[in-house]
Amino acid sequence: MASTSLDRKPRLLQALDILSALLMLGTIYMVFFYAPMERVMGQVQRVFYFHASSGWVTMVVLIIAALAGIIYLIRPHKKWDVLAVACVEIGLVFAFICVTTGSIWARPAWNTWWTWDPRVVTFTILILVYMAYMLLRQGIEDPQRRARFGAIYAILAAVTVPLTFFSIRIWRTLHPVVIGSGSATAEGGFDMTRPMVWTLLFTLLALTVFTLTLLWHRVRLGWLADKVEELRMKAFGR
Amino acid sequence: MASYFAAVWAIVRKDLAAEWRSRQMVTAMLVFVVLVIFIFAFTLDIDMLTRRQIAAGVLWTTFAFAGILGLNRTLATEGERGSLDGLLLAPVERSAIYFGKTLANLFFMLVVEIFTLPLYALFYNMSLAQPGLWLVLLLGSWCFCSVGTLLAAMAAQARSRELLLPVLLLPMALPVLVASVRASSAFVNGLGMEYASASLNILVVYGLIMPALGFMFFDFIVEE
């Protein structure tokens with residue numbers, strides 16, 4: 001890759017930084033002032049906007065990680081590995097946010113911090129799977145082997161996580177389906193009014209842009225780390 | 001095609017012969033299983049009815065951990081003795097090594113299970129002679145070994161291999177364990193096929209996808 005693009009922060013990235021900051025401010029306004037108070041749940045329902053959006057972002061980045069893994073196995077080039085790691089790290093952060101906000105919401109809605117609902121369990125297992133991914137990478141020194149194993153593990157994860165969901169769904173689900181039809185057994189579901197829908201869409205947009213910005217930063221960091229490694233090899237010959 | 005199966009069979013025979021001579025691993029697995037059953041008996045001081053309800057969970061937990069013991073050895077021993085290089089140099093498809101190893105692991109796990117069932121039935125005074133349960137054991141163990149062998153091959157090349165395998169394997173094998181426990185529980189409690197079929201479907205899907213992925217990826221894992 002062109003090394004000059006690494007030395008200075010690209011214009012577009014700077015613009016994205018500012019854009020995501022503005023969007024996040026906008027999100028805070030939308031969530032706390034524009035969106036109406038939900039009648040049954042009250043204030044705590046506002047956490048839903050961040051919860052749903054971070055869940056969405058997690059799925060997107062982790063799917064990208066699996067795709068980057070597939071591409072790496074077909075065409076082994078460092079950049080796909082750097083992208084995959086960036087995706088998994090960011091995905092882990094948002095998965096934590098999703099589970100934590102969900103727990104905050106579940107306390108008043110389901111009267112418990114934790115429940116063995118398929119989605120809740122699947123998301124937590126997903127966190128464990130990708131923590132294992134990071135551990136696997138840490139344990140391998142050879143960069144090419146590390147990239148190969150990472151790619152394979154990310155693909156396997158993308159296959160088993162949905163299966164985990166289906167295997168646990170044989171139990172009765174408690175999680176509300178807010179968008180689309182609600183299931184009869186779901187607890188704490190609510191109908192969204194127009195302003196709520198707008199707020200959700202805005203939050204989704206803001207978090208998506210923010211995530212892409214983060215992703216770009218992380219990929220750049222990966223490249224710089226790589227470059228440092230190369231220079232060190234050249235200087236010390238090891 | 002015939003030569004491919006011959007290669008798979010050769011690997012299976014080699015692993016079984018090696019194990020038959022030392023009998024180290026299977027013995028360790030069997031002792032481990034008996035110990036776990038005893039520990040469960042002492043830690044879960046329970047009545048007859050509950051015992052029946054949790055039997056499937058206890059059995060599968062035991063099998064999963066015993067399975068990990070075996071999986072950890074399959075490629076680690078090859079690495080220690082340098083025989084992996086010999087295997088890789090052999091003019092056969094690499095995936096044949098994967099299937100051979102998976103089948104050998106499946107065999108060891110089934111030996112442990114066949115040994116455990118009557119013992120468990122004896123200790124806890126319940127009948128486990130149900131063909132449905134045996135089917136679940138076969139299917140679940142196949143799923144567990146197919147993903148386990150693949151991950152063990154990766155873990156064997158990492159720094160902290162014995163430590164790493166459970167962390168890599170258990171979250172990935174969770175659908176297998178959940179589905180196996182549900183299906184086994186249905187048979188142990190005499191509910192039959194009706195209650196087990198949804199879980200069996202998951203096992204079948206997993207048991208087809210995972211070996212297919214292993215077939216594709218094993219080359220990349222043992223590549224030098």
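# Reading burial, contacts and salt bridges in a two-chain model

Biologist: Arg218(A) carries a charge-bearing side chain in my list of salt bridges. Is Arg218(A) buried or exposed?

Modeller: Arg218(A) is buried, at a relative accessible area of 19%. Buried means under 20%, exposed over 50%, and partly exposed in between (1.4 Å probe, protein chains only). The model is predicted, so local features need pLDDT of at least 70 and side-chain atom pairs pLDDT 80 or more, while totals for chains, interfaces and linings use all residues. Residues are numbered from 1 along each chain as written, chains are lettered from A and ligands numbered from 1 in the order written, and side-chain values use heavy atoms, without hydrogens or water.

Biologist: Which residue does Arg218(A) pair with?

Modeller: A salt bridge is a side-chain nitrogen of Lys or Arg within 4 Å of a carboxyl oxygen of Asp or Glu. Arg218(A) meets Glu89(A) in one, at 2.6 Å from N to O. Glu89(A) sits in helix α4 of chain A and Arg218(A) in helix α7 of chain A, so this pair ties together parts 129 residues apart in sequence.

Biologist: Which residue forms a salt bridge with Glu230(A)?

Modeller: Lys78(A) does, with 3.3 Å between N and O. Glu230(A) is in helix α7 (residues 194–236) of chain A and Lys78(A) in helix α4 of chain A, so parts 152 residues apart in sequence are tied together. Both ends count as partly exposed, Glu230(A) at 44% and Lys78(A) at 40%. Asp226(A) joins Lys78(A) and Glu230(A) in a network of salt bridges.

Biologist: How many salt bridges does the structure hold over all chains?

Modeller: The number is ten. Another of them links Lys9(A) to Asp17(A), whose closest N and O atoms are 2.7 Å apart. Lys9(A) is partly exposed at 31%, and Asp17(A) is partly exposed at 23%.

Biologist: How many helices and strands does chain A have?

Modeller: Helices (H or I, at least four residues) and strands (E, at least two) are DSSP runs, numbered from the N terminus. Chain A has seven helices and zero strands, in the order α-α-α-α-α-α-α. Of its 238 residues, 47% count as buried.

Biologist: How do I read the surroundings of one residue? Take Ala106(A): which residues is it in contact with?

Modeller: Contact means heavy atoms within 4.5 Å. Ala106(A), in helix α4 (residues 78–110) of chain A, is in contact with Asn111(A), Thr112(A) and Trp113(A), leaving aside neighbours within four places in sequence. Ala106(A) is buried, with a relative accessible area of 3%. Its C-alpha atom lies 19 Å from that of Ile127(A), which is 21 residues away along the chain. For chain A as a whole, 76% of the contacts with a separation of 6 or more are between residues 24 or more positions apart.

Biologist: What should I look for in a nonpolar core?

Modeller: In soluble globular proteins, nonpolar side chains tend to be buried together. A nonpolar core is a set of buried Ala, Val, Leu, Ile, Met, Phe, Trp, Tyr and Cys residues joined through side-chain atoms within 4.5 Å. The largest one here has 125 residues, and those touching the most other members include Tyr130(A), Tyr153(A), Tyr120(B) and Leu169(B). Helix α7 (residues 161–188) of chain B contributes the most to this core, 15 residues. Another core lies apart from it and has seven residues, among them Met41(A), Trp105(A), Ala109(A) and Trp110(A).

Biologist: Which residues does Tyr130(A) touch?

Modeller: Beyond residues up to four places away in sequence, Tyr130(A) touches Leu62(A), Val88(A), Leu92(A), Ala154(A), Ala157(A) and Ala158(A).

Biologist: How far apart are the end C-alpha atoms of helix α6 of chain B?

Modeller: They are 35 Å apart. The expected span is 1.5 Å times one less than the number of residues. Helix α6 of chain B is mostly covered, with 19 of its 25 residues buried.

Biologist: What area do chain B and chain A bury between them?

Modeller: Buried area is the accessible area (1.4 Å probe) that two parts lose on being put together, summed over both. Here it is about 2,700 Å², 76% of it on carbon and sulfur atoms. Met154(B), Met172(B) and Phe220(B) supply 21% of what chain B buries against chain A, more than any other three residues. In terms of contacts, 28 residues of chain B meet 28 residues of chain A. The count of salt bridges between the two chains is one: Glu141(A) with Arg159(B), at 2.8 Å between the closest N and O atoms.
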